[in-house]
Amino acid sequence: MQFTFARESSRGVPGTSNPPLEPLYWFGQTVELMPDWDHPLYLKFSDQRARPAADLIAQIQLENPQRLIDLGCGTGNSTAQLHRRWPQASLTGLDSSPAMLAQARKDHLDWQWMESAIEDWKPQASCDLVFSNAALHWVPDHAVLFPRLFSAVAPGGALAVQMPYNFLSPAHQGMKKVAARPEWAGMLASATETLFVQPAAFYYHALRKLASNLNIWETEYLQIVDGPRAVLDWVRSTAMRAYLERLPDDQQRRRFEEQCLAEFEKSYPPDDQGKVLFPYRRMFIVAYR
Ligand SMILES: C[S@@+](CC[C@H](N)C(=O)[O-])C[C@H]1O[C@@H](n2cnc3c(N)ncnc32)[C@H](O)[C@@H]1O
């Protein structure tokens with residue numbers, strides 16, 4: 001059985017006594033070498049992955065939004081969560097991955113699915129809710145992106161976003177350390193970390209003059225998982241993709257993974273039941289027009 005609990009902190013608004021946020025790092029965009037998203041692997045942790053979206057949706061103060069878009073909808077799990085909260089609303093899911101969208105379409109033929117990069121999305125009409133769960137960390141240039149997404153929000157509507165905010169964790173640092181080894185450095189040089197997710201204060205400043213009301217917070221979920229290999233499985237379908245997709249074949253990918261696993265075994269030693277505590281920090285933003 002998996003257990004999860006969360007440690008909440010509300011920081012990020014300037015003028016509070018909270019400590020300054022460290023700079024955070026994310027990885028570069030996808031390249032063509034690796035197959036499309038591994039959605040069965042991604043769905044392995046679907047309960048844990050669903051929780052931040054539920055926590056975000058719970059905070060959105062909209063009575064009866066009509067037009068909703070889910071940017072980076074994946075297989076439609078977050079879209080389905082939106083549907084449960086607002087069953088009358090018209091839903092569009094947008095994603096750049098054909099594999100994710102094929103699964104989404106299979107489960108919910110009646111909703112609209114669009115294959116597009118978020119950065120290329122040009123809304124036909126404004127939306128009452130522009131929603132994105134666990135996707136915008138892949139999209140560069142948040143100084144331009146966030147005001148642009150907010151401009152697609154109808155009067156009285158909201159932009160609601162959740163992103164991983166975990167880039168200084170031992171898991172991320174372990175991958176970075178392995179990638180810097182001479183064996184990998186040549187192939188993985190282009191995977192050097194790129195700053196996409198910014199400190200919370202950045203989003204406050206980007207949106208404060210546009211939004212009538214802003215809610216920004218962070219939550220650290222403390223996930224109890226089945227040992228360091230579960231940590232590997234978690235990151236393999238998300239952050240590790242930036243490294244794996246730059247390696248030429250499965251043999252090298254497996255070798256890279258095993259070396260990362262050896263690092264995770266040091267950072268996340270299992271307890272006497274074989275479990276490890278795997279903290280995962282997320283950032284949440286709800287901006288109302
Ligand atoms: C971690 S999944 C989240 C899926 C879904 N929102 C959920 O909560 O289950 C991230 C999704 O974002 C999509 N994605 C990543 N970068 C994207 C981009 N630039 N444009 C569109 N979709 C993107 C991926 O294809 C993937 O389906």
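Me: Hi! Is Asp141 buried or exposed?
Reply: Asp141 is exposed, as 10 other C-beta atoms lie within 10 Å. The cut-offs are 20 or more other C-beta atoms within 10 Å for buried, 12 or fewer for exposed, and partly exposed in between, with C-beta atoms placed from the backbone. Bear in mind that this is a predicted model, where local features need pLDDT of at least 70, side-chain atom pairs count only at pLDDT 80 or more, and totals for chains, interfaces and linings use all residues. Residues are numbered from 1 along each chain as its sequence is written.

Me: Thanks! Where does Asp141 lie?
Reply: In the loop between strand 5 and helix 5. Helices (H or I, at least four residues) and strands (E, at least two) are DSSP runs, numbered from the N terminus.

Me: And what is phi of Asp141?
Reply: Asp141 has a positive phi of about 60 degrees, although it is not a glycine. Most residues other than glycine have a negative phi. Ala134 lies in the loop between strand 5 and helix 5 too, and its phi is positive as well, near 60 degrees.

Me: Is Ala134 buried or exposed?
Reply: Ala134 counts as buried, because it has 21 C-beta neighbours inside 10 Å.

Me: Moving on to helix 5, how do the axes of helix 5 and helix 8 cross?
Reply: Helix 5 (residues 142-151) and helix 8 (residues 200-207) have axes that come within 10 Å and cross at roughly 50 degrees. That makes helix 5 oblique to helix 8. Axes here are lines fitted to C-alpha atoms, for helices over the stretch in contact, and angles run from 0 to 180 degrees between N-to-C directions. Angles under 35 degrees count as roughly parallel, over 145 as roughly antiparallel, 65 to 115 as roughly perpendicular and the rest as oblique.

Me: Which residues make the contact?
Reply: On helix 5 they are Ala143, Phe146, Pro147 and Phe150, and on helix 8 they are Tyr203, Ala206 and Leu207. A contact needs C-beta atoms, placed from the backbone, within 7 Å. By class, the residues in the contact of helix 5 with helix 8 are seven nonpolar, no polar and no charged. Nonpolar covers Ala, Val, Leu, Ile, Met, Phe, Trp, Tyr, Cys and Pro, charged covers Asp, Glu, Lys and Arg, and the others, Gly among them, are polar.

Me: Now strand 6, how many of its residues are buried?
Reply: Nine of the twelve residues of strand 6 (residues 153-164) are buried, so the rest of the structure largely encloses it. Strand 5 (residues 127-133) runs parallel to strand 6, with six bridges joining them; strands pair if DSSP finds at least two bridges between them. Phe131 has Ala160 of strand 6 as its bridge partner.

Me: What about helix 6, which of its residues are buried?
Reply: Ala171, His172, Gly174, Met175, Lys176, Val178 and Ala179. With seven of its ten residues buried, helix 6 (residues 170-179) is largely enclosed by the rest of the structure. The cover includes helix 7 (182-188), helix 9 (228-236), helix 10 (241-244) and helix 11 (250-267).

Me: How do helix 6 and helix 11 cross?
Reply: Their axes come within 9 Å and cross at roughly 135 degrees. Helix 6 and helix 11 are therefore oblique to each other. By class, their contact has seven nonpolar, three polar and two charged residues.

Me: Last one, how many helices and strands does the protein have?
Reply: Eleven helices and eight strands. Buried residues make up 40% of the 289 residues.

Key. Two residues are in contact if their C-beta atoms, placed from the backbone, lie within 7 Å.
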